[in-house]
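I opened this notebook to record what I looked up in one structure. The entries are kept in the order in which I made them.

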Amino acid sequence: MNAHDQSTRLLRRVGADTAGFDSPAPTPRLAKLARGLRADPARGAIFIFLVAVTFVMLYPFYFMVKNSFMSSQQYIAGHGFSTASWSQLFSALPVFRELGNSTLIAGSAILIILFCSTTAGFTFAKLAFRGRSVLFLGVIGCMMIPVQSIIIPEYVNLSHFGLINTYTSAILVYGALGTPFATFLMTAYFRGLPDEVIEAALCDGLTYGRTYWRIALPLAKPALVTVIVLQFIQIWDDLLVGLLFLQEPANRTITVGLAALSSGRVVSIPILMAGAIVSALPAIAVYIVFQRYLIAGMTLGINR
Amino acid sequence: MGLAIAATTAGAREGRNRLGRNRARAGVLLLLPAVLVVGGFIAVPIGQAIYYSMTNWNGITAQWVGPGTYLALFKNPIFLRVLENNGLLLLSVPVAIVVPLVIASLINEKVWGWKIFRSLIFLPTAISWVVIGIVAVRVFADPGAIDSILGTVGLGFLQRDFLSQPGTAILAVGLTFVWSMVGTNTIIFLTGMSTIDPAIYEAAAVDAAGRWSIFIRITIPLLKRYFQFSFVLTIITAFTALFSLIFIMTGGGPNYGTTTLEFFIYLEAFSVGNFGTGAMIGVVLLTILLGVSMVQLWLLRGEH
């Protein structure tokens, strides 16, 4: 029996609460109550209202899809159907190159964030030593610093090292920006693990490093997924950092490429819409698959 | 396991000290990645920003001027204009909270398909501000979606290119901002509503309380924390997350009409080349955000 099984079993036995990562408890009684109120004609009105709200929220998708299937002339005329814009998209925007850049940069930055936030989160939650709370406040406090406040010194510093227009600069900046919140999230998660699990591992002769790697990390999968999903969407959708640190067209992420295309002098709206759809699809796919984790991460701050 | 029990008192103390030292060493090592990344790429740059905000800095050379730079900034009419724009955007914060509150409470009535409504309304959260901005430009342009709605309801005389006048341009940015907050805030309120014990509603139903009075007297007070959270989140978003939207929709214009603090940093540093002024506006932005956080902490303290 390896240490992981052991700790999982222990965890189950103590019924550990892992910081609200489970979906909220269903409320069958409330549902029954609501069903009891069905005689209410207001429910029909509510349904229609929600359909209208949903339409407003999905309007951009409708607009993008509808207009991407038009040629430029058809767009001006206001009707018609054509796939011309989709075939022109790939010459107007180096789609695959930019999708690759986005993936590489987001992936590398997320690795940095995961490494820094899990080591720090584990320490803050489970290793008491002097000076810990000062460091905790220091790292978590950086959550409040907006990127715009540091972007100028950051730019100058990285250009001293000749890193502007390299993937490295964007990866490092995204990695640093994501670490404080991820550390906050991992600390909250590891606090939910019972101390007994860690103590048992230490008594079995594991070092702190190995306890982190072999026991704590495998137990933290839901929190890891939450960090990955939140950061992926954040980095994928970001413009400012990419705009400043990746000025070479060949290095651009898809979001920066799309912004550049949009601010270009001659821009075909249907092609732009096709590009917007392509840039949005990966983040939407991640959203659809991991919606639960996204919400868990977003709402974690409430119970601080 | 029985090690500590078997040991003598003195031995136990020594063992504990050694354990403590080990733990401190492990803790420092495990914290190193996070501290280096956050320190090097966030803490150091914010220190630099504060120093350079009091200099005349072009990115290469800097001459010390002193704190007087801040006095000069607050006498700069463009800066005051920018602050005013931030103030105007703050006016939209209550709307960005009340609208999602209404939507959430209607979804919480659990009419047919409510889970689908919830997912679809949250979906735009995944797409980038760049994509949102690209569509929003066409919504507010002339001809655009808003203009055609105005024409249909007989308000044709209001039709215009909303982005070409400062007053209507900031309105367009504000409306887009409200739209984009709907998903997030709705989910926050729904999460809050799911934590309310259904027995409370049952008791209210027994007392024959009306739907409206249940909402005002039970739901709203129980959602206090969630209001606070969404309020702070919405304010922070208004101050720090609209760069890409403004970049795409208006470029800060017309005539600084939609330039907010965060956008002004970018314009000053990277269009004009005043790195010192840019850093200074960054410090002002940070100070405002710290103020918001202080108010939040103070409110939370009052609760205990």
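**Conventions.** I noted that this is a predicted model, in which local features need pLDDT of at least 70, side-chain atom pairs count only at pLDDT 80 or more, and totals for chains, interfaces and linings use all residues. Residues are numbered from 1 along each chain as its sequence is written, while chains are lettered from A and ligands numbered from 1 in the order in which they are written.

**Chain B as a whole.** I looked up the secondary structure and found 15 helices and two strands in chain B. Helices (H or I, at least four residues) and strands (E, at least two) are DSSP runs, numbered from the N terminus. I then looked up the dimensions: the C-alpha trace of chain B spans about 90 × 75 × 35 Å along its principal axes. The radius of gyration of chain B is 26 Å, whereas a compact globule of 304 residues would have one near 19 Å. That radius is taken over C-alpha atoms, and the globule rule is 2.2 Å times the number of residues to the power 0.38.

I recorded that 39% of the 304 residues of chain B count as buried. A residue is buried if 20 or more other C-beta atoms lie within 10 Å of its own, exposed if 12 or fewer, and partly exposed in between, with C-beta atoms placed from the backbone.

**Domains.** Chain B is divided into domain 1 (3-52) and domain 2 (91-259), with bounds that come from an automatic or database domain assignment. The C-alpha centres of these two domains of chain B lie 44 Å apart.

**Contact with chain A.** I found that 78 residues from chain B and 78 residues from chain A take part in the contact. Two residues are in contact if their C-beta atoms, placed from the backbone, lie within 7 Å. On the side of chain B that touches chain A, helix α2 (residues 9-52) of chain B gives the most, with 19 residues.

**Helix α6 of chain B.** In this helix (residues 114-122) I found B:Phe117, B:Arg118, B:Ile121 and B:Phe122 to be buried. They lie on the same side of α6(B), because they cover an arc of only 120° around the axis; the arc is that of the directions from the helix axis to the C-beta atoms. The buried residues of α6(B) pack against α3 (42-68) of chain A, and also against α5 (93-107) and α9 (166-194) of chain B. The face turned away from the buried side of α6(B) carries the exposed residues B:Lys115 and B:Ile116.

**Helix α7 of chain B.** Eleven of the twelve residues of α7(B) are buried, including B:Trp129, B:Gly133 and B:Val139.

**B:Phe140.** This residue lies in helix α7 of chain B. B:Phe140 counts as buried because it has 25 C-beta neighbours inside 10 Å. Leaving aside neighbours within four places in sequence, I found B:Phe140 in contact with B:Ile146, B:Phe162, B:Leu163 and B:Ala172.

**A:Ser159.** I located A:Ser159 in helix α8 (residues 147-160) of chain A. A:Ser159 has 15 C-beta neighbours inside 10 Å and so counts as partly exposed. The C-alpha atoms of A:Ser159 and A:Ser169 are separated by 9.0 Å, and the two residues are ten residues apart along the chain.
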